[in-house]
Amino acid sequence: MTKIIEYKCPACGGALAFDSHSQKLKCPYCDSEYDVETFDPNQMSHSAISHSQTEEADPLVKAYVCQSCAGEILTDINTGATICPYCGNKVIVPSQFEGKFEPEFIVPFQFDRRQAKDAYREHMEHLDFIPDIFKADARFDEITGLYVPFWVFDVTTEGAAKYNAVMTRSYISGDFNVQETRHFVVNRHGKFEFNKIPADASRKMNDQLMDSLEPISFFKVKQFERGYMAGYYASRYDVSEEECRMRIQDRINSTTKAALDATVTGYSSYSSTGYQINILDTKGHYALYPVWILNVKWNNDIYTFAMNGETGKLVGSFPFDQKAFNRYVLIHGPLFALFIFGLMMIFMTFMGG
Ligand SMILES: [Zn+2]
Ligand SMILES: [Zn+2]
């Protein structure tokens, strides 16, 4: 037996959804608005207990019964917020966010579906070699608002480094042009604190894509409340804190090195001869982060685009339409095309993050 919660409007019974503009739960039928922190979904008598029928049958799939239409809602085992495919009812599964799965923080969506659509559309309009399928309007309706689980780390490190540095100058002395080079051994030692280093904690999300959404700024962060998830999809973590900590290890090391390097100033040049870096302390926080996802299937590949739901930053790997490009080459001549191709490659590399 798995309990599910439906966020229903106390005024009219309509399905409430979190509204990114007002940052409140909003009823699409009567426009009533409710505070996320104070709204109690249990006040509605039909927010009821639901049986999970096929849970035993397939360990990777969970099934819930929609309290509004009795339709069966299938999700993967980590999904904690979803939308009934039959009636559009917003469903939250509280048990997915309890105990060790209870997030400390959540960053509520700051951009709605329309804004996400507009951002994609505008972006693609400026690209000539995007296949038409990517520009088709219907595609944009497949945009999904998803709360992605993240582990976010506060880290304290201690680092020491040695450098060989030189300072050169040249001057005229009598009949001589003097080139003077002085050599230094430079030592640096310091303690560094890094706040909120993020690592996505969902196996189904591409790590590179998620990394490219940075800065994951957490400016709009709130204490976790389930109501923020109403109307969106949400997944709980399936990558442990420890595993994410391992993943950011390299990053912590290179950031500490860069911080040490940045203090070596006033020399003509320097090179490091060794670092020693210790991590003194890490503290992981579990948070849900808003992302608009668009998957497009083309030529048997799936292209995923993502928009940071907090900052609006858009990332993704756009496909390259060879046919459109060939047509372009025929018209404009090979040299110019080659130039454009070079630019496109640079651009796509950049976009790929
Ligand atoms: Zn209502
Ligand atoms: Zn339903």
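Which residue in the hairpin of β9 and β10 takes a positive phi? Select the six residues between the two strands and look for Gly88, whose phi is near 75 degrees. Keep in mind as you click around that this is a predicted model.

β9 covers residues 79–83 and β10 covers residues 90–92. They run antiparallel, joined by three bridges. To see one of these pairs, pick Ala81 and find its bridge partner in β10, Ile92. Strands like these pair through backbone hydrogen bonds.

Now look at the other pairing of β9. Two bridges join β9 to strand β15 (residues 233–235), again in an antiparallel arrangement. Select Thr79 and you'll find Ser235 of β15 standing opposite. Five of the five residues of β9 are buried, so this strand is largely enclosed by the rest of the structure.

Beyond its neighbours within four places in sequence, Val91 is in contact with several residues, including Ile4, Tyr64, Ile73 and Ile83. Val91 also belongs to the largest nonpolar core, a set of 64 residues, and is listed there with Tyr147, Phe150, Tyr289 and Val291 as having the most contacts inside it. Select residues 269–298 next: this is strand β16, which gives the most to this core, with nine residues.

Last stop: the open sheet β3-β4-β5, with antiparallel pairing. Here β3 (17–19) and β5 (33–34) each have a single partner strand, so one side of each is left without a neighbour in the sheet. Finish on Asp19, whose bridge partner in β4 is Lys24.

Methods:
Residues are numbered from 1 along each chain as its sequence is written. Chains are lettered from A and ligands numbered from 1 in the order in which they are written. This is a predicted model: local features need pLDDT of at least 70, side-chain atom pairs count only at pLDDT 80 or more; totals for chains, interfaces and linings use all residues. A nonpolar core is a set of buried Ala, Val, Leu, Ile, Met, Phe, Trp, Tyr and Cys residues joined through C-beta atoms within 7 Å. A residue is buried if 20 or more other C-beta atoms lie within 10 Å of its own, exposed if 12 or fewer, and partly exposed in between; C-beta atoms are placed from the backbone. Helices (H or I, at least four residues) and strands (E, at least two) are DSSP runs, numbered from the N terminus. Two residues are in contact if their C-beta atoms, placed from the backbone, lie within 7 Å. Two strands pair if DSSP finds at least two bridges between them.
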